[in-house]
Structures are given as structure tokens and as C-alpha cells.
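I opened the model this morning and kept notes as I went. Entries follow in the order I looked things up.

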Amino acid sequence: MESTEHRSCAYGLRHQTRCLSAIKSNDGKSRFIIGTQELLKPNEIHLLTFDEDMFEITPTIFSHPHEIWDISASKDDPDLFFTCYRQVIDGKRTQSTASLWRMKQEQKDPEEIDVERPHHHQHRGELEHVLSLDVGDGSVKKVIWQDSTEVISVEDWRICIWDIDIKQGTAKLTGSIDTPDKNFKFTSAVLNPHAQEVVAVYGRSIQGWNLGSLKPTFTIKDSQPALILCIDYNPNRPFQIATGGDDCKVRIWDVRDPSMGPIMTIQDHTHWVWSVAYNKFHDQLVLTSSSDCQVNLQSIVSISTGADYKFGDASDTEQDASEGSEPVETMPLDVPTDGLVQAFDQHEDSVYQVAWSSVDPWLFLSLSHDGRAVMNQVPSEEKFKIIMN
């Protein structure tokens with residue numbers, strides 16, 4: 001079989017797009033969902049299934065009402081996801097809504113499948129509306145899954161905690177957090193995977209809140225001269241977050257001592273940074289995407305859980321020398337280092353989102369505004385450095 005090294009797999013949607021999410025997998029295959037963003041055209045959900053053996057993408061397409069601004073797949077059920085979308089009311093004003101959907105895929109007749117190319121076809125499916133969050137007149141930007149019974153919505157001026165009952169199709173508001181600065185709306189937020197905490201960005205500031213007491217846990221006020229556009233939390237190292245903004249920079253923070261400033265600043269983009277994503281398996285790998293049409297794979301190994309690499313045991317060398325034998329020289333290992341691993345320039349428009357596969361630690365998908373989705377892999381050189389160390 002032909003080697004897949006340095007290969008990528010592209011998929012075009014013929015729609016403008018802004019958001020994607022990785023899907024939980026029950027069969028070991030990498031899946032992602034993408035929402036389209038067309039104001040005056042019918043919108044769609046595209047479920048992409050990547051077949052590593054065939055090295056191709058099989059889509060399943062669902063009709064969706066209204067333009068989609070964000071999409072968030074369930075952590076537990078691969079068929080459930082939230083969308084945040086806008087709809088025009090009475091032809092005069094727009095209303096923002098967050099709804100939970102269930103994918104119902106059509107079963108294809110075996111006789112209709114091309115035996116020679118069984119993966120080379122397009123499926124259709126239907127969406128079942130499960131429930132909606134009553135966000136009132138607010139503009140909801142994002143929904144974050146805490147578990148199968150609780151979600152968090154991020155609106156312009158508040159963050160809301162909801163108890164949801166999927167079987168009954170109901171959602172109950174249990175708490176809310178107002179933006180600390182009335183001059184700035186919430187831009188984005190992320191759930192702390194290590195504690196009951198939500199961390200949000202607004203303007204140039206970052207703040208965390210305990211989800212039990214709804215009281216602040218930390219604040220990084222005016223952390224940078226530019227607006228913050230995206231945030232992610234290190235899944236393996238507590239207290240570490242990454243942010244990207246409209247000054248082209250990515251900053252890594254240790255929230256235990258925010259007064260020290262960022263512990264690392266990365267500037268390999270030339271325009272606004274729209275997305276930042278830690279690798280869930282190897283937190284030394286970080287993906288970023290930007291309006292410069294580029295996707296960057298960064299290594300931050302020096303501040304990750306993979307920072308302690310062994311280059312040989314010095315005590316053994318000292319023991320050999322004391323016994324009169326010549327010390328054995330240890331060959332330095334080819335270890336990962338901080339810096340840009342690879343820049344991927346396969347897009348021709350702003351890349352709004354990147355996401356790692358939920359099952360394959362070396363696979364990721366990027367999405368640009370012109371509807372181009374590209375599946376890529378971590379270069380084998382970097383992969384082997386990580387595996388061997």
C-alpha cells in the first residue's frame with residue numbers, strides 16, 4: 001500500500017463554514033461534524049468519517065435550519081450535538097438559538113453500494129430536534145458539554161449553566177455568570193478538565209469561575225494589548241491554558257501565578273489567531289489556525305507533561321569510571337524541542353477551526369471559511385521523537 005506520509009485528504013462543502021467538532025468514536029474511526037454558515041441559503045451538517053486504510057473521507061449530510069456559528073459534539077453519545085445558530089424573525093431581526101440534535105442516518109441498500117469502491121459515496125440523514133436552551137434575547141456563541149446532564153452556554157454578556165434531560169427534551173437554567181466588564185462581551189470559554197471550573201475570555205482579560213459557588217477562581221486582567229479570540233485548557237497539565245488573539249500571538253499561561261505573565265509566547269502567524277487546540281494525548285503538541293490561511297503545529301515540550309526526557313544515566317557512567325573502565329559515551333537521543341513543527345498552507349481563506357481526532361492522536365482536521373476541510377497527520381519524524389522518548 002502506498003505510504004500516507006506527507007499526504008492529506010481534502011473535502012469541499014460548497015458552503016461557507018466556520019465551525020467543526022470531533023465526534024466520539026465507538027469503532028475506532030475518526031469522525032468530525034461541520035456546520036455551514038449561509039445567510040440566505042439552506043444550511044447543512046456534514047458528518048465526515050475518515051477511513052485510514054482507504055485514506056479517504058465519507059460524508060453524511062443532514063439539512064439544518066439557519067446559519068450555524070458553533071457546533072459541539074457530546075462527550076458520551078456520538079449521535080448528539082449542539083448547534084448555535086441565527087435565524088431571521090419576521091424578516092426584520094435576528095435571533096440566536098442553541099439547540100440539541102440527534103443524527104439519524106439512513107440505512108443504505110447493500111445493492112446500491114459500489115462493490116469496487118464501497119467507501120466512495122455520499123449518505124443522507126435526518127436531524128431530530130431534542131431540545132433548545134431558552135437564552136431569551138441573548139446572543140449565544142457556544143455550548144460546552146460538562147456531562148450528559150449538564151451543559152454551559154456562552155452568551156454575549158453571561159455564561160449559563162443548564163441541567164438537561166435528553167429523554168424529556170427539557171433544559172433548566174441553574175446558574176449564571178455575568179461578564180465582569182460591561183465594555184466587553186464574552187468571546188469564548190473552555191471547561192477545566194481537572195476541576196469544576198469554567199474559564200472565559202472577554203476583551204483582553206481571562207477569568208475562571210468555580211461552577212459550584214459561581215465565584216471567581218483567578219483573573220488575568222488586561223493580559224495583552226490585543227483582543228483574545230480563542231482559548232483551550234491543557235488536558236494533561238492542570239493550571240495551564242493557551243489563548244490566541246488578534247495580535248497574531250499565542251500565549252501559554254500558568255493560572256496559579258498570572259502576575260508573572262505568559263510562560264510562553266508564540267508568534268508564527270501573520271494575522272488573527274482564531275483557534276488553538278491541545279492534543280488530548282500528547283499535550284506538547286498544539287494546533288493553531290489563523291486568518292493568514294495557515295495551520296501551525298507547535299511543540300511546547302519544555303512546559304508540557306513530556307518535558308522530562310532521559311539522555312542516559314550519569315550514575316552508571318560514574319560507576320564505570322570508578323572501576324577503572326572507560327566511560328561509555330551515550331549517544332544523544334533525537335528528542336522533541338520547542339518550536340514550529342510544521343506549517344500547513346493548504347487553505348486559501350481564513351482557517352476558523354482546528355480539531356484533533358478523538359481516537360487517533362496523530363490526526364487532525366482544519367476548516368476554512370470557504371468550505372474546505374483538510375485532514376492531516378503529525379509528521380512521522382515528530383511522531384517517532386515522541387514515541388521513542
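**Entry 1: Leu 214.** Is Leu 214 buried, partly exposed or exposed? I get a relative accessible area of 28%, so Leu 214 is partly exposed. My cut-offs are under 20% relative accessible area for buried and over 50% for exposed, with partly exposed in between (1.4 Å probe, protein chains only). I looked up Leu 214 for its phi, which is near 60°, a positive value in a residue other than glycine. Leu 214 sits in the loop between β16 (205-210) and β17 (216-220). Helices (H or I, at least four residues) and strands (E, at least two) are DSSP runs, numbered from the N terminus.

**Ground rules.** This is a predicted model, so I note that local features need pLDDT of at least 70 and side-chain atom pairs count only at pLDDT 80 or more, while totals for chains, interfaces and linings use all residues. Residues are numbered from 1 along each chain as its sequence is written, and side-chain values use heavy atoms, with hydrogens and water left out.

**Entry 2: Cys 248.** Cys 248 also turned up with a positive phi, near 75°, and again this is a residue other than glycine. I find Cys 248 in the loop between β19 (240-245) and β20 (250-254). Cys 248 is buried, at 15% relative accessible area.

Entry 3: In the model, residues 221-256 are 0% helix and 47% strand, with the end C-alpha atoms 14 Å apart.

**Entry 4: whole chain.** I count 2 helices and 28 strands in the chain. Of its 389 residues, 52% count as buried. Among contacts (heavy atoms within 4.5 Å) with a separation of 6 or more, 50% come from residues 24 or more positions apart. The accessible surface is about 18800 Å², and carbon and sulfur atoms hold 46% of that. Areas are Shrake-Rupley values with a 1.4 Å probe; for residues, only the protein chains shown count as cover.

**Entry 5: salt bridges.** My criterion is a side-chain nitrogen of Lys or Arg within 4 Å of a carboxyl oxygen of Asp or Glu. That rule gives 12 salt bridges. I looked at several.

- Asp 27 pairs with Arg 31 at 2.8 Å, N to O. Asp 27 is partly exposed at 45% relative accessibility, and Arg 31 is buried at 19%.
- Asp 254 pairs with Arg 256, the closest N and O atoms being 2.7 Å apart. Arg 256 is exposed, at 57%.
- Asp 77, Arg 102 and Glu 128 are linked in a network of salt bridges.

**Entry 6: helix α2.** Which residues of α2 (residues 380-388) are buried? I find Ser 380, Glu 382, Lys 385 and Ile 386. The cover over these buried residues includes β23 (285-290), β24 (295-299) and β25 (339-344). Glu 382 and Lys 385 form a salt bridge at 3.9 Å, N to O. The two lie 3 residues apart in α2, about one turn of the helix. An α-helix has 3.6 residues a turn, so residues three or four places apart point the same way. Glu 382 is buried at 7% relative accessible area, and Lys 385 is buried at 19%.

**Entry 7: Ser 74.** Ser 74 belongs to the loop between β6 (67-73) and β7 (80-89). Leaving out residues up to four places away in sequence, Ser 74 touches Lys 24, Leu 80, Phe 81 and Trp 145. A polar atom of the Ser 74 side chain lies 3.1 Å from the backbone nitrogen of Asp 77.

**Entry 8: a nonpolar patch.** What makes up the nonpolar surface patch of about 360 Å²? Leu 39, Leu 40 and Val 88 do. Patches here are made of residues with over 30% relative accessible area and no salt bridge, with like charges joined within 9 Å and nonpolar side chains (Val, Leu, Ile, Met, Phe, Trp, Tyr) within 5 Å. Leu 39 is in the loop between β3 (30-36) and β4 (43-51), and Leu 39 is exposed at 58% relative accessible area.

Definitions and conventions. A polar contact is a pair of N or O atoms within 3.5 Å; within protein, one must be able to donate a hydrogen and the other to accept it, and residues adjacent in sequence count only if both atoms are side-chain atoms.
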